[in-house]
There are 2 protein chains.
Amino acid sequence: MQDFEHRTLVSEVFSSKSKKAEIAGWVKNVRALGKIKFLVMKDMSGEIQITAVEGKVDNKIFEMMDKIPRESVVYIKGEIKDSKQAPGGKEIIPESIIILSKAEDLPIDISEQSKTELPKRLDFRFLDLHRRRTQAIFRIQSEIANAFREHFFRKKYMEMQPPCIISAASEGGTELFPVKYFEKKAFLAQSPQLYKQMLACSVERVFMITPVWRAEKHNTPRHINEIRQMDIEVAFTNQMSIMKELEEVVKYIVKRVLENCKEELEILEVKALKVPKGVYLSYEEAIKKVGGKIGEDFTPEQERKLCAIYKGDIVFTHSWPTSIKPFYIMPKDEKANAKLSEGFDALYLGVEISSGGQRIHLPELLIQRLKAKRLNPKNFKEYIDSFRFGAPPHSGWSIGLERLTQQICGLDNIKEATMFPRDRDRLTP
Amino acid sequence: MQDFEHRTLVSEVFSSKSKKAEIAGWVKNVRALGKIKFLVMKDMSGEIQITAVEGKVDNKIFEMMDKIPRESVVYIKGEIKDSKQAPGGKEIIPESIIILSKAEDLPIDISEQSKTELPKRLDFRFLDLHRRRTQAIFRIQSEIANAFREHFFRKKYMEMQPPCIISAASEGGTELFPVKYFEKKAFLAQSPQLYKQMLACSVERVFMITPVWRAEKHNTPRHINEIRQMDIEVAFTNQMSIMKELEEVVKYIVKRVLENCKEELEILEVKALKVPKGVYLSYEEAIKKVGGKIGEDFTPEQERKLCAIYKGDIVFTHSWPTSIKPFYIMPKDEKANAKLSEGFDALYLGVEISSGGQRIHLPELLIQRLKAKRLNPKNFKEYIDSFRFGAPPHSGWSIGLERLTQQICGLDNIKEATMFPRDRDRLTP
């Protein structure tokens, strides 16, 4: 069996002072031009050319080189040589080539400008992931997720692990996936909100990235049924302070992506990305700007319009009418019949990336607001009761990880930004 | 409504040079000693004493102070005074006390040495989380999770987001929770293994923390049905190199906990924790040491015995017999009938914290091993086929986040280390 102790990454070969190298990776392509053969090998760090001239390398190696199927995995030992013709200025003259895993005929086109359509590429996602373009998307997603967590962890927020199986709909939502939990009926959580509120009411500052599920029947480029949410919840805050937290973390995320994913952004041809400013408008100011009607949500077109006015920035619309915010959003001045609320939305790069606000922490006010929304407080008993034993004012929001990845990468379909998407029809791979 | 702009944390009061402070938090306890009253207020950063002498503070404040129910949330403005009697050497003389949220009678004992039993405390987890002891466990868990991710992110591993809903049992396991996915039958994933293998076969190095579900019917201090796994999978590795990765990250995690969670370890009375060494034994060497029988797994008692020999260290047992490792573990030298395998286990602080090893990346060998295990290769077609288009040798492992938290914190029951546990009978809160 092959030992990989002496393997070096391709990127290390280019900066190496050694004359020999052992490398391993995938065969990107092979060319035979009479007495000279080329093989381009790629690994996680880059690509390098292997060059063989007939008579100058072992004859068996020369013979086999252009017969190795694309994407096969090889282990190559050889000499590093400077070469003006080779990409990057270096090439390897092979002394041995071992095929670790021979690839069969590829079922999809994995060239960078793949002609295979998305659904078929998703069927073979493990192969689609051989493309630099696909890898670039998930490198950026990995940067986003880790920047998000590092930001809040450094600010002494506690990471939480909410339950994913719940006994009932905490938010009163209806679009839930049922789970058979032994003899009991249960559901997949559509939001960790109740749990993060509970935790913020004792440890004050919490964050998490967690999967949530929504059994929406749409199948569009905007919908998937299993998503990851980036959430925070913070005690002793209102909508204003929590919006600032969102502005700060999105700035940090974009900064990190710009700094650490230069190559990935280039591959994806993302050119206009900049560290955004936060723009703060009241709901009323914003709806007037786009010619909307007070008391109604923004249409996707109005959202794009607002974003176009403040290009590349985060547009916060705050103090929304209580009538179009969920029952748990705090009304202004803690008054049950207030017209305006402590709820906000955040738009970025053309779409809504987050909504949130201050929550109601007072059981009696919560009951009043539930009734005003024609909901039955009895169905929310557990939620209401969790605020009876010392719950401070608190606020929070969530950002969809796939949605933010999609916007930052400039992708048309959210499924491109989801490693293994689950939609109306897709459960595999 | 209260604005929190001028609020300072209790810890800041102790280092403050200002004479006034505005603080907010929970009433830990109140005492009235005739003409003097004390209130201890706690927030996420610490505790401070509020002292009122009759006639020297506003009479209304003096009157109300000892009538505020425990755990109520208060906003206090006052003067900072040095005091030899007060814990920490400072106290606050109150100028105003606003009750933001009045607590009702507490249903459980939330003193640090709570007399309420675990099941009842779990019923009121949001209140149990008011205890410093409970908070300490999850501060340590948050440190573990973030140290794990930071370690691998820095090493250029890509974070992945595996699907949680799957169409069939990838590992051939039987203990799965069924989900109704629109018209289809689906399951909750019991492991992200297939997906991390797929991804490692293109991007080489991947990590994640993800929830998994096991429908095991036991209800013991060792079992929960929803856990979080810390996983890695790496191309061009074997069992030896992947064990080294585990040793390195556990060392880093423990180092971080020792450095950043001093107070929490004190609260939990964890005294013997040290940065572990890695001890490497072959399965045969190890089973001889504890008087076990070759070809059998270690009993929990034998595991404890091995850990006692190498106290505080990580005990790796490698090269297990193929007969007691899963079908996907690589047999020695890629030979289908090899007696030994590239599979390992890792013991730490008395229990198994991880198992893993090199996987089979060759479709034909995989089929042979499935047959040897009396499993039908047809049921694993998708898994086998994912290795047909250029799969390098690769290895991986996983560590249970709750299990590691439990061991590091020295807890008897894994449910103490799970924020909102799901077990045979528990689906709430």
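How much area is buried between chain B and chain A, and what share of it do carbon and sulfur atoms give? The answer comes out at about 9100 Å², with 62% from carbon and sulfur atoms; buried area here is the accessible area (1.4 Å probe) that two parts lose on being put together, summed over both. This is a predicted model, so local features need pLDDT of at least 70 and side-chain atom pairs count only at pLDDT 80 or more, while totals for chains, interfaces and linings use all residues. Residues are numbered from 1 along each chain as its sequence is written, chains are lettered from A and ligands numbered from 1 in the order in which they are written, and side-chain values use heavy atoms, with hydrogens and water left out.

Staying with the interface, 109 residues of chain B are in contact with 109 residues of chain A, contact meaning heavy atoms within 4.5 Å. The rule finds eight salt bridges across it, each a side-chain nitrogen of Lys or Arg within 4 Å of a carboxyl oxygen of Asp or Glu. Arg149(A) and Glu159(B) form a salt bridge, with 2.6 Å between the closest N and O atoms. On the side of chain B that touches chain A, helix 5 (residues 132–154) of chain B gives the most, with eleven residues. Helices (H or I, at least four residues) and strands (E, at least two) are DSSP runs, numbered from the N terminus.

Now for chain A as a whole. Its secondary structure comes to 13 helices and 16 strands, and its C-alpha trace spans about 90 × 55 × 40 Å along the principal axes. Of its 429 residues, 61% count as buried, that is, under 20% relative accessible area (1.4 Å probe, protein chains only). Among contacts in chain A with a separation of 6 or more, 66% link residues 24 or more positions apart.

Helix 6 (residues 193–203) of chain A is largely enclosed by the rest of the structure, because eleven of its eleven residues are buried. Tyr195(A), Lys196(A) and Cys201(A) are among them.

Thr51(A) sits in strand 3 (residues 46–53) of chain A and is buried, at 5% relative accessible area. Beyond four places in sequence, its contacts include Ile36(A), Phe38(A), Glu91(A) and Ile93(A). With Glu91(A), the side chain of Thr51(A) also makes a side-chain polar contact at 2.6 Å.

In chain B, Arg256(B) lies in helix 7 (residues 239–260) and is buried too, with a relative accessible area of 8%. Leaving aside neighbours within four places in sequence, Arg256(B) touches Phe153(A) from the other chain, along with Glu143(B), Asn146(B), Ala147(B), Glu150(B) and Cys261(B). Thr322(B), found in the loop between strand 13 (314–318) and strand 14 (343–348) of chain B, counts as buried at 8% relative accessibility. Among the residues that Thr322(B) touches, not counting those up to four places away in sequence, are Pro331(B), Leu340(B), Arg369(B) and Lys373(B).

How values were computed:
Buried means under 20% relative accessible area, exposed over 50%, partly exposed in between (1.4 Å probe, protein chains only). A polar contact is a pair of N or O atoms within 3.5 Å; within protein, one must be able to donate a hydrogen and the other to accept it, and residues adjacent in sequence count only if both atoms are side-chain atoms.
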